[in-house]
Amino acid sequence: MAQERALRPRSIPRPLLFVLVPTATWFLLRPLLEPAPALPALHAAFGLSIFAFLGSLYLVPALGPTFIRANLKGRDLLKTYDTPIPESQGLVCASLYILLLILFIPYAFSESITNRHDDATSSGREGIVVKEFPHHQLAVYLSSILSLLIATMLGFLDDVFDIRWRHKLPIPIIACIPLLIVYYSERGTTDVVVPIPARWLLGTLINLGPLYYVYMSLLSTFCTNSINILAGINGSEVSQAVIIAVSVILNDLLYLPWAVGFRIPLPLHVTDGVKVGGVWSAGMAYGSRILVERHLFSLYFMLPLLGVCLGFMYHNWYPARAFPGDTLCYVTGMAFAVVGIQAHFSKTLLLFFLPQIFNFVLSCPQLFGLVPCPRHRVPRYDPETQLLYPSRAEFKDKRATAPATLVLRVFSALGLVELSLDERTREVTQTTNLTILNVFLLRFGPMREDSLTRVLIVTQVCGSLVAFFIRYGLAGLVYDGNRR
């Protein structure tokens, strides 16, 4: 009975459906009514994000048995029961997400909504007023959807064929090719603003040329794999995506036109604070239509992504009724890379990945073969106490090399790993797996799986707060103007 109770699909409150469907419908219809709102497409994006939430909330449990019959199932390694749980459910979320992005195209680009030739109507509106069809923006939007489709396909292939870590790392480069081609065809800038302390040597701008495209392809690779690497417990992957998406959305909102203005004071007196609002001062955009357009583009992709992730998180939370598979990690990571590249705030985006950067650096010795890397690096589950403990990697077939020993001893001195040494030779024979989840268990002690997920969520939130402070507090020390 306990096993059945743990795996039975979570009930979905019916009042939620009756409240959210009319709300979402109103947001979709509002841009079609006169007088049109200042940002009509943003209303539609918000309405579609509500449908994205409802769609994933209802479709994931409904399609779970179909995935099990197709042998897309797995066992929860951190549970005592063996009942199969549907895997690769990220395919449901990714399909719904891309479908809604396609349905959104008329709102963003049709003449009935974006073209306002009546000067009397358009002159009083804040936001974007398009006088001719935006062919460039449409090419960017379609190439972004194509990259998401490729990422979905590659992620699902990874779920089916179980590609090894060292082989899957470069896979996202394939998915970002449409982005890079459109960026190149539109003569996208490859100049980088040099920090003030280095300008005496390099000047104000430096043209990276082809290296900038290498940087963008590596950005897509990192965003996709960094979420996938920090996984293994219920709710870990989707919670990362939710918090990063919320952080990007909050950052985008700072650049939109607001009818009222306010100032956010910052500590340490490093700046005068963040000023937001005013007609066409547009917050941090300072009247720039280009900046507003870029962050609207980001919102169009982030709002539906947040919706599908929140719906899936309801079923993936401890104890999980559905597993995301690599597909969800691929499509969410590619979505972040898309907005970071196309909206030109890649440095700010990377700041929201601070925990993932730490976890990636920590994992590098195992990912690149310096330290043995088991198939699963998830924490070890003790069925008696129902607590998680740090899992271990052993040097079985070969002895630890000098570089591996040096790296592990440095990590041990920093309290990031726990080593087991041979009593006679004092060589490293075992180490805790190099993941941030095992670091949490080392520093805070054994804990339940849901508690470990909450620690990860708190860490991600703190990382975003640090990112906002660096971006809007400390960045002014090394960049002048509104440099991102």
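Colleague: Which atoms must lie within 4 Å for a salt bridge to be counted?

Modeller: A salt bridge here requires a carboxyl oxygen of Asp or Glu and, within 4 Å of that oxygen, a side-chain nitrogen of Lys or Arg. The model is predicted. In this model the side chains of Lys79 and Asp76 meet the criterion, with N to O at 2.9 Å. The atoms asked for are therefore a side-chain nitrogen of Lys or Arg and a carboxyl oxygen of Asp or Glu.

Colleague: How many salt bridges does this rule give?

Modeller: Side chains of opposite charge can pair when their charged atoms come close. Among the pairs counted are Lys79 with Asp76 and Arg392 with Glu418. By the rule, the count of salt bridges is seven.

Colleague: Is Lys79 buried or exposed?

Modeller: The cut-off for a buried residue is a relative accessible area under 20%. Lys79 has a relative accessibility of 6%. Because this value falls under the cut-off, Lys79 counts as buried.

Colleague: Which residue forms a salt bridge with Lys79 at 2.6 Å?

Modeller: The partner is Glu449, whose closest O atom is 2.6 Å from the N atom of Lys79. This pair links distant parts of the chain, 370 residues apart: Lys79 lies in the loop between β1 (73-74) and β2 (85-86), and its partner in helix α21 (residues 449-474).

Colleague: Which residues are linked with Lys79 in a network of salt bridges?

Modeller: Asp76, at 4% relative accessibility, counts as buried. The residues linked with Lys79 in the network are Asp76 and Glu449.

Colleague: How many residues apart in sequence are the parts tied together by Arg392 and Glu418?

Modeller: The closest N and O atoms of Arg392 and Glu418 are 2.5 Å apart, and the two residues form a salt bridge. Arg392 belongs to strand β9 (residues 392-394), while Glu418 sits in the loop between α19 (402-413) and β10 (419-421). Arg392 is partly exposed at 31% relative accessibility, and Glu418 is partly exposed at 39%. The separation in sequence is 26 residues.

Terms used. Residues numbered from 1 in each chain as written. Predicted model: local features only at pLDDT ≥ 70, side-chain atom pairs only at ≥ 80, totals over all residues. Heavy atoms only, no water. Buried < 20%, exposed > 50% of the residue type's maximum accessible area, 1.4 Å probe, protein only. Helix = DSSP H or I, 4+ residues; strand = E, 2+ residues; numbered from the N terminus.
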